[in-house]
Amino acid sequence: MTADLSKEHEAFMRLALEAASSAMHLGEVPIGAVVTRGDGVIARGFNQPVRGLDPTAHAEVVALREAARALGNYRLTGTTVYVTVEPCLMCVGALLNARVARVVYGAQEPKFGALRSILDFASLELTHRFEIVAGVLEPDCRALMQEFFATRRPKQS
């Protein structure tokens, strides 16, 4: 990855982290997503299944829906989705159906992540594929999740 591309990834991931912070302040699991095309932001989203009473309202899906409305097309070819945590199986399906070009994520999700953790996306025989970039601002993304869950789970003695 070139230095310029790395800086671009970090800048957009910081926007995804801002969205994740919005989720956390609303009591939602702090995951944020940003959809870009070229050097512009098309859409942002954050987790809101509790608030929206919608099990599909994950950050990625919220951002994809907003991007599709903004572009007037459900096919989001040529876009990159930045998400603070490795997408789950449902979100990977949505990303595939949207035909995104690239997914950039921060922290791995060992229990639900469906790009590398519980599923090896690269090994699947699919008609569409997207590039995966992992670990962008990973410490920041992981720390936000840890901070959120530390306040929700009782300390073990």
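At 0% relative accessibility, V100 is a buried residue, where buried means under 20% relative accessible area, exposed means over 50% and partly exposed lies in between, with a 1.4 Å probe and protein chains only. The model is predicted: local features need pLDDT of at least 70, side-chain atom pairs count only at pLDDT 80 or more, and totals for chains, interfaces and linings use all residues. Residues are numbered from 1 along each chain as its sequence is written, and side-chain values use heavy atoms, with hydrogens and water left out.

V100 is found in the loop between α4 and β4 (102-107). Leaving aside residues up to four places away in sequence, V100 touches L64, L76, T79, V81, L95, H128, R129 and F130; a contact means heavy atoms within 4.5 Å. From V100 to M90 the separation is ten residues in sequence and 15 Å in space, C-alpha to C-alpha.

L95, one of the residues touched by V100, belongs to helix α4. L95 has a relative accessible area of 0% and is therefore buried. With residues up to four places away in sequence again not counted, the contacts of L95 are L64, V81, P87, V100, V103 and F130. A20 is 75 residues from L95 along the chain, and the C-alpha atoms of the two are separated by 19 Å.

L64, which touches L95, is among the buried residues of α3, together with A59, E60, V61, V62, A63, A67 and A68. The cover over the buried residues of this helix includes β1 (32-37), β2 (40-46), β3 (80-85) and α4 (89-98). Helix α3 (residues 59-71) has 13 residues and reaches 18 Å from its first C-alpha to its last, close to the 18 Å expected at 1.5 Å a residue; the expected span is 1.5 Å times one less than the number of residues. An α-helix has 3.6 residues a turn, so residues three or four places apart point the same way. Just after α3, G72 has a positive phi of about 70°.

Positive phi values also occur at two leucines. L53, which is not a glycine, has a positive phi of about 50° and lies in the loop between α2 (49-52) and α3. With a relative accessible area of 76%, L53 is exposed. L137, also a residue other than glycine, has a positive phi near 50°. L137 lies in the loop between β5 (131-134) and α5 (138-150) and is buried, at 12% relative accessibility.

The protein as a whole contains five helices and five strands, which are DSSP runs numbered from the N terminus, helices being H or I of at least four residues and strands being E of at least two. The order from the N terminus is α-β-β-α-α-β-α-β-β-α. The radius of gyration is 15 Å, which agrees with the value near 15 Å for a compact globule of 157 residues; this radius is taken over C-alpha atoms, and the globule rule is 2.2 Å times the number of residues to the power 0.38. The C-alpha trace spans about 50 × 30 × 30 Å along its principal axes. Of the 157 residues, 45% are buried. Among contacts between residues at least 6 apart in sequence, 57% join residues at least 24 apart.
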